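Thank you all for coming this morning.

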Amino acid sequence: MKYRHLFFDLDHTLWDFDANAMETLTDVYRDMQLEAAGVNDFDAFCKHYLRHNAVLWDRYHNGFISAEDLKWKRMWRTLLEFKIGSEELARKMSGYFLEVLPTKQNLFPYTHEILQHLKEKEYRLHLITNGFEKTQWRKLDNSKLGQYFEEVITSETSNSVKPNKEIFEYALRITGAELQQSIMIGDNLDADIKGAINAGMDSIFVNHINADLKGIKPTYVITHLKELEEIF
């Protein structure tokens, strides 16, 4: 086989972050009584949160903010949309969100099936994720995905973030993988695909949403996880 080590991203690639986040935001809104606090439109609350979350994750990927700032400021910025400037409330919402989110179990279709297929074919599976160490492990445990992966490389353990090549070099070192036998599989053109390119690694863009490639050239492009059977 050409590839021996398959490095997966987790959020938005296997674990359906948007679906799980929406369920968690529902819990946060209800349990923290945000309507009474002045957040009077749940749909607007979700829309603002997802927008600020995306912007701040991009800033985190590029090293402009810390993980701690990302965690609470996405809530703080969302509250500001409703003229609520409470850092205390934002931090409480962040803590509750991070506690509940990893308990959610929505996965993209065919996730367990493709991972089992690859394990049976004796590929060595690993994760490279910019997610937070404790949170990612809880997601893996609750969604029963941890059984498939030998190594889980997070930005916290590697002291780097995708798309920096250092996190990929750390992953190769930890797993004992050769670069030529390794491939990155993920949904994020910048973090996963450009990151792999930066490290000289082949890549598969999991294009669940038919996004524009923006001139970036992954080794393969798929729109459904089942298509991995055609590559491996």
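When I say that two residues touch, or are in contact, I mean that they have heavy atoms within 4.5 Å. What we are looking at is a predicted model, in which local features need pLDDT of at least 70 and side-chain atom pairs count only at pLDDT 80 or more, while totals for chains, interfaces and linings use all residues. Residues are numbered from 1 along each chain as its sequence is written, and side-chain values use heavy atoms, with hydrogens and water left out.

Let me begin with Gln 136, which touches Leu 10, Asp 11, Thr 129 and Gly 131 when residues up to four places away in sequence are not counted. Gln 136 is found in helix 7; helices here are DSSP runs of H or I with at least four residues, and strands are runs of E with at least two, numbered from the N terminus. Buried means under 20% relative accessible area and exposed over 50%, with partly exposed in between, using a 1.4 Å probe and protein chains only. Gln 136 counts as buried because its relative accessibility is 1%.

Its side chain also makes polar contacts, that is, pairs of N or O atoms within 3.5 Å, where within protein one must be able to donate a hydrogen and the other to accept it, and residues adjacent in sequence count only if both atoms are side-chain atoms.

Which residues of helix 7 are buried? In this helix, residues 133-142, they are Thr 135, Gln 136, Lys 139 and Leu 140. They cover an arc of only 135° around the axis, taken from the directions from the helix axis to the C-beta atoms, so they are on the same side of helix 7. On the other side of helix 7, Lys 134 and Asp 141 are exposed. The cover over the buried residues includes helix 1, helix 5, strand 2 (124-129) and strand 3 (151-154), and after helix 7 comes Lys 144, with a positive phi near 65°.

Turning to helix 3, residues 42-61, the buried residues include Phe 45, Leu 56 and Trp 57. At its start, a side-chain oxygen of Asp 41 reaches to within 3.1 Å of the backbone nitrogen of Asp 43, and the helix is followed by Gly 63, whose phi is positive, near 80°.
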